Amino acid sequence: MEHTFNTDIEGKTLSIQTGKVAKQASGSVVVTYGETVVMVTVVSANTEREGDFLPLTVECQEKIYSAGRIPGNYFRREIGRPSEKETLTCRLIDRPIRPLFPDGYRFETQVVATVLSMDKENDPDILAMIGASAALEISDIPFDGPIGAVRVGRVDGQLIANPTISQCENSDINIVIAGSKTGVVMVEGNAKIVSEADMLEAIFYGHKAMQPIIEIQEKLKSAAGVEKRPRPTVEKDEVLAEKIASEASQRIREAVTIPDKMDRGKAVKALNADILESLGDEYAERSNEVYGILHDLRNKVSRDMVLNDGKRIDGRKFDEVRPINCEVGILPRPHGSALFTRGETQVLGVLTLGSGQDEQRLETLSGEEFRPFMLHYNFPPYSVGEARRMMGPSRRDIGHGTLATRAIEAVLPEKEVFDYTIRIVSEVFESNGSSSMGTVCSGILALMDGGVPIKAPVSGIAMGLVSEGDKVVILSDILGDEDHFGDMDFKVAGTKEGISALQMDIKIKELSKEILEKALEQARHGRLHILDKMIETLDNHREELSPYAPKNISHNINPDKIRDIIGPGGKVIRALQAETNTRIEVDDTGLVKISAVSQADSDAALERVKEITMEPEVGVIYEGTVVKTTDFGAFVQITPGTDGLVHISQLASYRVKSVTDIVKEGDVIKVKVLEINNGKIRLSLKAAMEEQDGPKDK
């Protein structure tokens, strides 16, 4: 049966419809906002899958037809590999819904969001998030929802829920918030350096704005009337659990407090093997169950240490940051480099500069986009002591790279100040907590080492949370294990003045405003400490670029001269680039950009451009080539593509009988511009000679 419920968000109607399309899915909805339409389906298998994790996959499909265009690739269809935007939308959907499935749910589940229409003003990612929650709500799948989602922007000091894409361009805050009726479950976004108080206000403005979205999902669920599957019952052998706890608790406590990550992992692995062996042969076939109990016990012991003993597994204070070491200029040929080490997390940032032709071109639903700044994050298996197949960037790589990109973009110089394409590559050499924030720190230092005039340095920190009832502990600069057993992963990046990017995920149902406020303040102290350590190494950008960086210069010409630089079929500009070993771009306004490996090459190209596009001036003497002679005078090319006439009377101070008595085709002579009228140029050989040598009589 078909059902539709509507609500108003910032004066526009948001509607959720079910029962009309994709009815064979476990749950299917169509979400519409403006003229952007997203269909979201969810299907869960009927047979249970073995394993100890939730088999949930999320896919997003941005159909190019949704924007009224044909794909621009060779195949003229959407290619199989998801775009970066599709990948980021999948992450936005997955992160808030995953914790809301019941423990022990092992049925293969797939969420698919398909963008059917896009009006180029309302981003489909928020609709996909809402649709995922709604589809799960009306399905038979057990789900502890619903959740709402909104994007929050701030234009001219005014907070806006679900700002349009054009409004986002003028917004100093751009964050996505997901939440329940009573709290926030996920935050992600960036800002143009705003205070913690302003960011907190924006988050909870969004939480309030999403409440009508949650309400219409509840109405939709009631109207659909689908009975939920029985919630899974997690059976646990309490006798076995007690026996393992009595034997292993103290040993686990000793193992998890070993400072070195790799040694700690080895100790835990050896402990697991010892406990399984001590239980005897009858438990050999129940090894997964034993290891599961040990895993839960390890988490419990670690959490108890934090909540009841006031200790972290590595002995630090709750707000203490691990030791930091920064090095810059460690690679000779790249244009900037930095190695940032914080505890057992180590990231190399490498800077490369390029010209406008190096910008990344992307085909999006809004049209073509060109990105002059790229940050690529690489997380090889050796960084965590593993050996596995190395493939292309994972969703995690893209997500972490995007977070670091947002953190750094806010402080990059304007094109008018620094006209380069910028690429940073993050190579994670070691990882034990928050390599994404290590990427921010190493990337900023690499930019400064490379002479990029950033507005201010940025640092980042990852915060954690352990909570039980009324007991709440916030942890600064969390380890990988603390992320694993904790309830929150909250990354915050910014300058001394404020926040440039943040990302928060939680494993509990929701987070209160008080906890978020405390976490933001503790994060501020932590990232300022990290920033001080960075500044001790390099307190400002270098005055000069690397000698290996390209030399980029710009020059404005008369737009009428563009054709002279390009030449027929691009012949002139290709020859000019080959002659000077440069890359030259010309836009429709007449701006010429020259990029060269050496200063000499760029100077040579600029000189040639000036020669080609030079505008003749009355009274100036030019050296030119005779290109044609006639009975009445000679035509002289004074610049490429610019000819003028030397009338026979202007060839000499005496009467000339024949033009060829004075000049012939191919002769190089100096001539003076007498007049320019409607594009016609009158030249004089006689006047040029008199000015240089004085008048002579025959």
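Me: Is Cys326 buried or exposed?
Reply: This is a predicted model, and Cys326 has a relative accessibility of 10% there. The cut-off for buried is under 20%, so Cys326 counts as buried.

Me: How far is the sulfur of Cys326 from the closest cysteine sulfur?
Reply: The closest cysteine sulfur sits in Cys441. A disulfide would need the two sulfur atoms within 2.5 Å, so this pair is too far apart for a bond. Cys441 is likewise in no disulfide, and with 0% relative accessibility it counts as buried. The distance from Cys326 to Cys441, sulfur to sulfur, is 7.3 Å.

Me: How many disulfides does the structure hold, then?
Reply: A disulfide is a covalent bond between the sulfur atoms of two cysteines. For the structure, the count is zero.

Me: What is the relative accessible area of Thr109?
Reply: Thr109 lies in strand β6, residues 107-117. Beyond its neighbours within four places in sequence, Thr109 contacts residues including Val42, Pro55, Phe101 and Ile141. Thr109 is buried, and its relative accessible area is 0%.

Me: Which residue takes a positive phi in the hairpin of β28 and β29?
Reply: β28 (residues 668-677) pairs with β29 in the antiparallel sense over five bridges, with Val673 opposite Leu683. Two residues lie between the strands of this hairpin. The one with a positive phi, near 55°, is Asn678.

Terms used
Residues numbered from 1 in each chain as written. Predicted model: local features only at pLDDT ≥ 70, side-chain atom pairs only at ≥ 80, totals over all residues. Heavy atoms only, no water. Pairing = 2+ DSSP bridges. Helix = DSSP H or I, 4+ residues; strand = E, 2+ residues; numbered from the N terminus. Buried < 20%, exposed > 50% of the residue type's maximum accessible area, 1.4 Å probe, protein only. Contact = heavy atoms within 4.5 Å.
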